Amino acid sequence: MLYGAPEPVAGCDVCQALDKQRSEARAEGDMSKVSDFKLEIRNHPHRGRGRRS
Ligand SMILES: [Zn+2]
């Protein structure tokens with residue numbers, strides 16, 4: 001795992017999408033966008049542990 005990389009919550013579509021966009025931003029070398037996505041993933045609110053019931 002890369003340093004400082006937040007873990008997208010398994011089963012959360014938003015986190016998965018943010019993680020994908022983060023990867024794309026990194027591939028483009030846009031590190032400020034990467035940082036934004038990291039924060040969004042880290043701060044994305046979940047009820048419980050990301051499993052909706
Ligand atoms: Zn999420």
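This is a predicted model: local features need pLDDT of at least 70, side-chain atom pairs count only at pLDDT 80 or more; totals for chains, interfaces and linings use all residues.
Student: Hi! What are helices here, in terms of DSSP runs?
Tutor: Helices are DSSP runs of H or I with at least four residues, numbered from the N terminus.

Student: Let's zoom out. How many helices and strands does the protein have?
Tutor: There are two helices and zero strands. The protein has 53 residues, and 26% of them are buried. Its accessible surface is about 4300 Å², with 49% of that belonging to carbon and sulfur atoms.

Student: Now α1. What span should its 16 residues have, and how far apart are its end C-alpha atoms?
Tutor: Helix α1 runs over residues 13-28 and should span 22 Å at 1.5 Å a residue. Its end C-alpha atoms are 23 Å apart, which agrees.

Student: Which residues of α1 are buried?
Tutor: They are C15, L18, D19, R22 and A25. Viewed down the axis of α1, these buried residues fall within an arc of 125°, so they line one face of the helix. The face turned away from that buried side carries exposed D13, K20, A27 and E28.

Student: What covers the buried residues of α1?
Tutor: The cover includes α2. Take D19, which is in α1: D19 is buried, with a relative accessible area of 18%. Leaving out residues up to four places away in sequence, D19 touches P8 and I41.

Student: What happens just after α1?
Tutor: There G29 takes a positive phi of about 80°.

Student: On to α2, then. Which of its residues are buried?
Tutor: V34, F37, K38 and I41 are buried in α2. They cover an arc of only 105° around the axis, which puts them on the same side of α2. These buried residues pack against α1. On the face turned away from the buried side, α2 carries the exposed residues S32 and N43.

Student: How far does α2 reach from its first C-alpha to its last?
Tutor: It reaches 18 Å with its 13 residues, close to the 18 Å expected at 1.5 Å a residue.

Student: New topic: which are the protein donors of the zinc ion?
Tutor: The donors are C12 (SG), C15 (SG), H44 (ND1) and H46 (NE2), and they lie 1.9 to 2.3 Å from the zinc ion. Along the chain, these donors follow the spacing C-x2-C-x28-H-x1-H. C12 lies in the segment before α1 and H46 in the segment after α2, so the pair ties together parts that are 34 residues apart in sequence.

Student: What arrangement do the four donor atoms make?
Tutor: It is tetrahedral, because the four donor atoms around the zinc ion subtend angles of 94 to 120°. Four donors count as tetrahedral if all angles lie between 85 and 135 degrees.

Student: Last one: is C12 buried or exposed?
Tutor: C12 is buried, at a relative accessible area of 4%, while H46 is partly exposed at 29%.

Note on methods:
Residues are numbered from 1 along each chain as its sequence is written. Side-chain values use heavy atoms; hydrogens and water are left out. Buried means under 20% relative accessible area, exposed over 50%, partly exposed in between (1.4 Å probe, protein chains only). Accessible areas come from the Shrake-Rupley method with a 1.4 Å probe; for residues, only the protein chains shown count as cover. The expected span of a helix is 1.5 Å times one less than its number of residues. The arc is that of the directions from the helix axis to the C-beta atoms. Contact means heavy atoms within 4.5 Å. Donors are N, O and S atoms within 2.8 Å of the metal (3.2 Å for Na, K and Ca); water is not among the atoms, so sites may look incomplete. Four donors count as tetrahedral if all angles lie between 85 and 135 degrees; four count as square planar and six as octahedral if opposite donors are over 155 degrees apart and all others between 65 and 115; anything else is irregular.
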